[in-house]
Amino acid sequence: LNVVLLEDSAAIMGEFIALGAISLSSITLSPLYDSVGSILIGTLLGGVASFIIKANSQHLVGRSIPLEKKQQLVEMLRQDSVVK
């Protein structure tokens, strides 16, 4: 849920940046504002992507189960007649 909200917020912010940059470029007849807007949008998207990668990698990789807990589970399964 947080990832979707973050992505949508970044998309809307990017649209406002693009609107401002294109408007300023059109008014001043200078491509500088459009270029700066593009760089800002790229930076925004890169930052959001980095945050999402960091947040999701913790969920994907996770921590392994402690060894003693693993041994308890294996022993419990060995004693179960259905598993045998």
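**Exercise 1. Compare the radius of gyration of the protein chain with that of a compact globule of 84 residues.**

Solution. The globule rule is 2.2 Å times the number of residues to the power 0.38, and the radius is taken over C-alpha atoms. For a compact globule of 84 residues the value would be near 12 Å, but the protein chain has 25 Å. Next, consider the principal axes: along them the C-alpha trace spans about 80 × 20 × 15 Å. Finally, buried residues (under 20% relative accessible area, against over 50% for exposed and in between for partly exposed; 1.4 Å probe, protein chains only) make up 10% of the 84 residues.

The model is predicted: local features need pLDDT of at least 70, side-chain atom pairs count only at pLDDT 80 or more, and totals for chains, interfaces and linings use all residues. Residues are numbered from 1 along each chain as its sequence is written, and side-chain values use heavy atoms, with hydrogens and water left out.

**Exercise 2. State the pattern of the protein chain along the sequence, and check the span of H1.**

Solution. Helices (H or I, at least four residues) and strands (E, at least two) are DSSP runs, numbered from the N terminus. The protein chain has 3 helices and 0 strands, and its pattern reads α-α-α. The expected span of a helix is 1.5 Å times one less than its number of residues. For the 27 residues of H1 this gives 39 Å, and the end C-alpha atoms are 39 Å apart, so the two values agree.

**Exercise 3. Identify the buried residues of H1 and an element that covers them.**

Solution. The buried residues of H1 are Ala 10, Gly 14, Ala 21 and Ser 25. Their cover, judged by contact (heavy atoms within 4.5 Å), includes H2.

**Exercise 4. Describe the location, phi and exposure of Leu 29.**

Solution. Leu 29 lies in the loop between helix H1 (2–28) and helix H2 (32–61). Its phi is near 60°, a positive value in a residue other than glycine. Most residues other than glycine have a negative phi. As to solvent, Leu 29 is exposed because its relative accessible area is 73%.
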